[in-house]
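Thanks for coming. I will take one chain from the overall view down to a single residue, so please bring up the structure.

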Amino acid sequence: MEEEDFDNGIPGFEFDENDWPTTNERPPPFVDRYFSRFYKTDMNGKIGEDHCVLCHSNKICIVTLAKSHPVITEKKVISSINFQVADGINRLDNKVSGKGKRGAQWVKPNSALCRIICEDGSQYTVCACVRGMLVEINETILTSPNFIAEKPEDAGFVAIILIKKNEYEREKKALLSEEKYKEIVNNRSSTVDKSSNAEESNKTEQTLQL
Amino acid sequence: MAELSLSKMQFEFFTTSDELALEISQALVSINCCTWCILRFLGEKRPCMYVNETVNELRQLLNAKDNTVDCVICPGCLGILHKYNASDFLQEIKSVVKKEDYEFIDYQCSLIVPVCTILRQHSIYLFLQEKHGSVYCKIPEEEISSIKDVWKWFCGPSLSKQLNSEFKQKSPFEISLIFKYEDSEKECYFLLETNPNEFQRRKKSPFDLFTRAAVFKAVTTLPDDVFKKNYQTPCLTPVKTIDCDISCNFDAIFIAGRYLKFSRTLSQTPWIIDGVRKTKSSVEEEICSAMSIFKATDFKFSSSGREDVDVRMLGNGRPFIVEILDAHRCHAVNEISAVQELINETSDVVKVRDLQLITREDIHNLKEGELEKSKCYMALCWSSSTLTPENIQLINQLKTIEIQQKTPLRVLHRRSQAVRSRMIYDISIKETKENYFKLYISTQAGTYIKEFVHGDFGRTVPNLSSLLNVDCDILTLDVQGVELKWPPQLDNDMDTK
């Protein structure tokens, strides 16, 4: 029996005789129930370009923008997404087949997944963060690019990567825990504070608490 | 002592001439054939003639030796017919059956003889053709009674007496006699040279190379002179003795039924990862533990689809089959309703109904149309804002909708990536309670309900959240019906509630 069948639902809820929950509490969000969040900050040395990796216990990872990423904090309007990350490498060409995901592109932590092009002319590169097989590229963001900023933990994710079984722990260790990530982002905003940009940092912190 | 003569014994041979039959017999005696092999090579095909008196009389008449007494192994049967026919061997069979402690009404007996006996029989046949072509050139080799048949004719009645049970052509209880001859494969080696196309040395399965069918085909199609050049004709008296393994097996018993599951912490099959149990029990174990009255060596549980650990199986239940392997007790096949009662008494969370005996041929019903049939569910869902009557109407007016589901993230690591089109036949929201509501949904088999509700990162479209334009989540799920008419419903099933 495989792991995914062992889905214990949402613990901690009690039901009455008509199978209604005894409270009106909201269930913990779907993402929180199935995934752990890991981070990579300042991707490729670019301050603030933080990524989030949502790791499922089955070694499936979802790469998405962290809430501290400038596209989100600065409420950028995205004009397009480019999956042509290099000459001859287009992530849209990624085709996988079979249970073994044959034909998948292999990515390294610093491999580019796509470029975000904003209306103000700024560009951001989203990277894989982990080594593994590229299982899926989110094509929805081609037509709805602003999902990247609006729904990073839903329909606005960037890609799905499957880490090799024996590399999973190593890859996870190379990422930042949620705690460590928050510490880094908070330190960063206090540095910004010092450089008398208090307004901007407040904004950042507010967004982070969302 | 009365004068013995072949004509008095009233055999039915390939030749009607006593003189010729005697000559043939002497030829066979000269190569050390046992009396049983002489009889079968002469063409006797009636079981009633293979009895002690006839065999002894023929031996006396021919003034032949008794292979067993004289410790000469017959080149034709390797001793199977003259050495493994006496009461001590039958006793041994009886003691094995007794030790295994089977309950059986009748039995069948199968012999597996070494593959080289095919070569040996062909060799003797060619030898007889050479010596007595007038008789054997017009008799096809298949006309010679096989070692297996002769053994059964000769030993069958006494074995039945020993076991106090009826020997049948077809019985669920099988006694296997596997005869092993050390040089059997070695004797076949020349076929690698003479028939290289049929016997290519494959790295993977050197043991399956010389199958009975392949060797038989090769031998019967090989030109006689080639065979004689490569294999001793007539074949030599064996120097090694033959061994016999006796084993028993009871044919699989198949039982079908429907199960209901009232727990959200019970997996369908035992869930063990790295040797550690993740659930205390499973539907399979709850059902099969009551089947222990069959004293089987193993059970195989299969069902028409499956539900997650946290999903209850309600309604009429889910069809399943248990294959009971090598049952040592079979009387319970007549008391299936008692087995059902036992399961329902012993398990608190699993109940079964419609439990019945089925045949091997019925099995396909379970998997047939597994993807076409529909399933009904009740999902307890949550919405980020309380649903309005308009929201509810919007859903309830929907008829058939087609959804596109990408392989759910929770199974993506082991299933292939694909977008699957699934039909939702019926969907309705009947009751709400603040932010919670009950969704009744009937879908094509293979639809992932949880993903349909929360959308799985927008990977199922449309999904309930997108249809309502409200964030939705799912708290619990119950299967309310699996639309499969098989196995037939039984009337007396009122005990599942």
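In chain B, the 61 positive and the 69 negative charges have mean positions that lie 5 Å apart. Keep in mind that this is a predicted model.

Next, the make-up of the chain. Chain B has 19 helices and 16 strands. Its radius of gyration is 34 Å, while the globule rule gives 23 Å for 497 residues, so chain B is more spread out than a compact globule.

Now the contacts. If we take the contacts in chain B with a separation of 6 or more, 78% of them join residues 24 or more positions apart.

On to surface and interior. Of the 497 residues in chain B, 54% are buried. The chain exposes about 23100 Å², and 50% of that comes from carbon and sulfur atoms.

Finally, one residue. Where does Thr35(B) lie? Thr35(B) is in helix α3 of chain B, which covers residues 35-42. Is Thr35(B) buried or exposed? Its relative accessible area is 2%, and buried means under 20%, so Thr35(B) counts as buried. Which residues is Thr35(B) in contact with, once neighbours within four places in sequence are left aside? They are Val55(B), Leu58(B) and Arg59(B).

Definitions and conventions:
Residues are numbered from 1 along each chain as its sequence is written. Chains are lettered from A and ligands numbered from 1 in the order in which they are written. This is a predicted model: local features need pLDDT of at least 70, side-chain atom pairs count only at pLDDT 80 or more; totals for chains, interfaces and linings use all residues. Side-chain values use heavy atoms; hydrogens and water are left out. Helices (H or I, at least four residues) and strands (E, at least two) are DSSP runs, numbered from the N terminus. Buried means under 20% relative accessible area, exposed over 50%, partly exposed in between (1.4 Å probe, protein chains only). Contact means heavy atoms within 4.5 Å. The radius of gyration is taken over C-alpha atoms; the globule rule is 2.2 Å times the number of residues to the power 0.38. Accessible areas come from the Shrake-Rupley method with a 1.4 Å probe; for residues, only the protein chains shown count as cover. Lys and Arg count as positive and Asp and Glu as negative; His and the chain ends are not counted. The place of a charge is taken as NZ of Lys, CZ of Arg, CG of Asp or CD of Glu.
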